[in-house]
Amino acid sequence: MFSLSVPAVSYVLVAAVFIAAVVARFYGMRPYVRAARFDNPPLPEEGDPCPGASVIVYARGGEEELVMSAVREIKRQDYPDFEVIVVCDASMAQAHYISEELARQWPDVYVTFVQPGSHNLSRRKLATTIGVKAAKGEVIVTTVANIVIPSEKWLSSLMAPFCSLEGDRIDVSLGLSCMDFGELSGPFRWYRQFDSVLSNAQWIGYAAAGCPYRGDGYNLAFRKSVFFEHKGYAATINLHYGDDDLFISEIADGSNARVVLGEDSILITRWGESANRVWSIRKARYLFTSRWLVRAPFIRATVMKWLQWIVPGCAAGAAMTGLPSLAPLAAAAAGLFWFWGMEIYHYRRLAPRMKSVRLWWGVVPFWLWKPVGDLIFRLDHHGSRIKNFTWQRPTRFWKWH
């Protein structure tokens, strides 16, 4: 039966639904909106003052064919001034094979290697440092061997901020790499894509707003002089990781860093059958290093996760306390569907830009599951935190990154 008599608590709960939805839109989702909307810097044109670039390719043992493919694609780039440096983290036999093959096809590619006996050090940080010291270019570009480069304009896109009118003030260019989501398997593969999109959109949105706190070491550019001014990775020498989040938070700010996110600039990384495992490892290591980063982005993300249950909870409470009147039910439902529709709309704008599937109704249950899933993941990987320290030599499993 319809009734006009509505208790005060129903009004309060309906108001809470709409207030929470407004908070979500203008606070919680603000980085995602920025990540979907911001414009890339224009590609450099002929005659622009473009600094020399040194592309450092980190190659692990067993990636011989991937190295050849990556170097071949890099050599096709249309950027006017760059060199390629391959740093092999492999056995001497594998490094020798890679060196010979590259010298035969591209004599100008510089090949070096990480000493096999270098223990209690971050292998990736050590490899990058070796590459930087060998580099002749003014700007360092870091990537890996297992990449798919979208076009011959990738390097120009990543280097565009250095070639602009404000190029002299730019020290860091933040690109993005995405896993080949088609390699993910199992019932949670769609959720993993969803989680990756939100994670990337958060730091990209902050960087677009002039507050960079993270980057992507598989698609990153920074000035060599800045690397040496900050003594490389000295601040995180006790950690295996941190080369693309702690290091970026140390050297980048709103005035000297720009983010690049376009069809030509996003790299795809291939992991084959290890894709699910690599996804978990990368999420775990970023979770570990986040404790040393600025807290604002993570507080915002936490608020957004809690709103996933606060909004429907308030809506349900308003509907039940308002009975037999249907007015609170109608008002609460309107606020709830506005909240969910807003999330679906903005995710569907984000997903294509992040090389992911444009989900529809799956967005709502995935958002509801995220606070629970993150808690389970945190508890499940609590014991593996020790592996992030360099004094704890990583196992074969943990070496994947």
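Biologist: Which residue in strand 8 is the bridge partner of Val172?

Modeller: Strands of a sheet pair through backbone hydrogen bonds, either parallel or antiparallel. In strand 8, Val172 has Phe222 as its bridge partner. Helices (H or I, at least four residues) and strands (E, at least two) are DSSP runs, numbered from the N terminus. This is a predicted model, with residues numbered from 1 along each chain as its sequence is written, and local features need pLDDT of at least 70. Side-chain values use heavy atoms, without hydrogens and water, side-chain atom pairs count only at pLDDT 80 or more, and totals for chains, interfaces and linings use all residues.

Biologist: How many bridges join strand 6 to strand 8?

Modeller: Three, and strand 6 (residues 172-174) runs antiparallel to strand 8. Two strands pair if DSSP finds at least two bridges between them. Strand 4 (residues 139-144) is also antiparallel to strand 8, with four bridges. There, Ile140 stands opposite Phe222.

Biologist: Which residues of strand 8 are buried on each side?

Modeller: In a regular strand the side chains alternate between the two faces of the sheet. Strand 8 (residues 220-223) is covered on both faces. Leu220 and Phe222 are buried on one side, Ala221 and Arg223 on the other. Buried means under 20% relative accessible area, exposed over 50%, partly exposed in between (1.4 Å probe, protein chains only).

Biologist: Now charges. How many salt bridges does a search of the whole structure find?

Modeller: It finds 20. A salt bridge is a side-chain nitrogen of Lys or Arg within 4 Å of a carboxyl oxygen of Asp or Glu. Take Arg76, which is partly exposed at 44% relative accessible area. Arg76 meets Glu73 at 2.7 Å, N to O. Arg76 also meets Glu152, at 3.9 Å.

Biologist: Which parts does the pair of Arg76 and Glu152 tie together?

Modeller: Arg76 sits in the loop between helix 3 (64-75) and strand 2 (82-89), and Glu152 in the loop between strand 5 and helix 6 (154-163), so the pair ties parts 76 residues apart in sequence. Glu73 is partly exposed at 23%, and Glu152 at 32%.

Biologist: Are Lys283 and Asp374 buried or exposed?

Modeller: Both are buried. They form a salt bridge, with the closest N and O atoms 3.4 Å apart. Lys283 is in helix 10 (residues 275-289) and Asp374 in helix 13 (residues 363-380), so this pair ties together parts 91 residues apart in sequence. Lys283 and Asp374 belong to a salt-bridge network with Asp195, Lys305 and Lys370.

Biologist: Where does Asp245 lie?

Modeller: Asp245 is in the loop between helix 8 (224-229) and helix 9 (246-251). Asp245 is buried, with a relative accessible area of 1%. Gly217 is 28 residues from Asp245 in sequence, and their C-alpha atoms are 8.4 Å apart.
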